[in-house]
Amino acid sequence: MFRRNNIASRIFQRQIYTPAPGTSVYCARRFYENLVPSCTIYDVECPDQSFRKFTDDGQYLISFSRNQQDLVVYRPTWLSFSCKEEDCDAHDLPPKAKRFESFFTHLYSVSLASCNGNELICKDFFLYVESNQYGIIATSTPSIHDAAANGAAIQGVPYVEKLTFHLIRLEDGVILDVKVFHNDFVNLTHNMGVFLYDDLLAIASLRNQTIHILQIRDSGNLVDVRAIGAFCREDDELFLNSNAQCIAFPDKSKLHQLPGNNVQNGTHLSQPNQEDSLLSGIKQRLLSFIFQGISNEEKDPALRAQWLKKKFYFRFQDYVDLIIWKVQFLDRQHLLIKFGSVDGGVSRNADQHTAFLAVYNMETTEIVAFYQNSAEELYLLFERFCDHFHTASKNSVSMNFVSSHSNNIHALEQIRSVKSKASSQFMKKMLGSLPYSCQSLSPSPYFDQSLFRFDEKLISASDRPRQSTDHPIKFILRRQPCSLKFKIKLGPEAGNADGRTKKIASFLFHPFLPLALSIQQTLFLQQPSVVNIHFRG
Amino acid sequence: MRVVWHLMGSMLGDWPSCDPHNFSKLRRADPSIPSRMMPATYHRTHSRTLPPPDQVITTEAKNILLRHIYRSAEEENDLRPKRAATKHLIPEHGCKQPRATSY
């Protein structure tokens, strides 16, 4: 079909032609080739805050105060002014339009972290429940490193005294419910340790090695569903405690011979002694699965014992020492869990450590599959079905159309060309992104790789900050004539006089408006960040 | 399957054709007799392929990724040799009992 570039022609064509089945969103998106954020207001005067993101439905801009104590919510609007001159295009925007308030209306501010205590908002963490317009924000006390492990805690993992998740109704800022963790640690950087799928929330506690599954009710309550770690089923703890009681007290006449701290008056034991305890919960499931898999590799029963000795028992302690690093939902029943060593769990360069990925069924409490993080079989699944790893909520229409190498030929060609050059390292690097972090991609149509081509080293749908560049970031039309449509520049034409200071840049794109914020921060210096607004003029 | 021909009024009417025997199946030689030809229809002669009367078609609960993962796991299970089952599959008590051992 002949496609005209002119927007008026496209609108007329839309009146006549019906899109092919299942392509209405993609057809509507083509209009973004004509509506681009080509104008920029540099260094706009705005409140000194940490702008976090636009919510996926575009209703709110989430921001945190610089002191990390308040949540500040804005409504994205659109500037409106009229020009009475004859040739309006030649006129620049009036100064009163070049303000932050022209684009964003302040709705409210909510204090979440108490100024008396030492709690602060984790400004890298925010999750949005689109169906109810709820937001999840976390506050925590400072993390304590080199803490001694006690109880079920893992040695080598830091902890915080108090970590609070707040469920907030963004319409009016009312705190609906909170979930508090004491003496625990959850990695909240870029939503790594928490995954939201529909109304289910998975929180991976690194310190206590437990995956907490919570449900967000429509009423605004956070309800505990299950805790996977030492126990898999809801009644496992009851069974093990009653079992421990039977083991400890086979003959009640011998009560006085048992250690004092395990016995009070012959009644309930809280937990079996750790030194004597068998592996339980998900660790037992995991090791059983590994054992069965290795056992099945050797078909000759006479050689199986030797095979197990070499492949399983020799590495037994390494398997036992595996800890949960990260978790995500694959659907409402299945979790994808990353296991690795203690060092890798808290390290910034986790990719260098060996890790494993397991698929766990919460209902049957079985491990379904187990892969090393460089397994080709897993990579092939990742290449073909990447969209099913990016589990998006059914309620979120926009998140189901984010470009990936499974739904976009250009993205697929790109990774295949890199893969052909360095296969094994590339596979490990790609699988290093699993499990995915929740809500870490922007649904903006400007990142649709069928529409635009851009340098992914400088900008992408991911919300992670990148090293700033003085050169403008170009968005080039993917179709013919492959022309430059718009540029995102972080500074005016003159550039930055001081090229030695390291700067990082982050980009917040509105999900459907031709509106974006670019925020440039200078590292290691207490300078306020520079905020630019990119919009369609 | 059997084919059933029906007669219907000729949609071609009396249009001229180079060979009068063309369209003879659609139009009778005697134009005074109205011909009513309907397109061939096919009727089943057996009920072996009928769906069950209570069949309900629903979407597969597992997504395609999980189906592949489960299928790989089942294929690995099928490849391994089956071990002979033990004689006593069900313990005497009919359920698991904690073992009392002395430490």
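Start with residues 251-275 of chain A, where the pLDDT stays under 50. Since this is a predicted model, that score, which runs from 0 to 100, is the predictor's confidence in each residue. Even so, the model has 25 contacts for residues 251-275 beyond four places in sequence.

Now turn to chain B. Its mean pLDDT is 67, and 48% of its residues reach 70 or more. Where in chain B is confidence lowest, and where is it highest? The lowest mean, 46, belongs to strand E1 of chain B (residues 2-7), while helix H1 of chain B has the highest, at 87. Over residues 3-10 of chain B the pLDDT is below 50, and the model gives this stretch 28 contacts beyond near neighbours in sequence. Residues 99-103 of chain B also have a pLDDT below 50, with four contacts beyond near neighbours in sequence. For the complex, the predictor gives an ipTM of 0.82 and a pTM of 0.80.

Over all chains, the count comes to 14 salt bridges. In one of them, the side chains of A:Glu33 and A:Arg479 meet, at 2.6 Å from N to O. This pair links distant parts of the chain, 446 residues apart. A:Glu33 sits in the loop between helix H2 (24-29) and strand E1 (39-41) of chain A, and A:Arg479 in the loop between strands E22 (473-477) and E23 (484-488) of chain A.

A cis peptide bond joins A:Gln480 to A:Pro481, with omega about 10 degrees. Another cis bond joins A:Leu434 and A:Pro435, and here omega is about -15 degrees. You can find A:Pro435 in the loop between helix H12 (423-431) and strand E20 (452-453) of chain A.

One last stop is strand E11 of chain A (residues 174-184), the place of A:Asn183. Although A:Asn183 is not a glycine, its phi is positive, at about 50 degrees.

Conventions:
Residues numbered from 1 in each chain as written. Chains lettered and ligands numbered in written order. Predicted model: local features only at pLDDT ≥ 70, side-chain atom pairs only at ≥ 80, totals over all residues. Heavy atoms only, no water. Contact = heavy atoms within 4.5 Å. Salt bridge = Lys/Arg side-chain N within 4 Å of Asp/Glu carboxyl O. Helix = DSSP H or I, 4+ residues; strand = E, 2+ residues; numbered from the N terminus.
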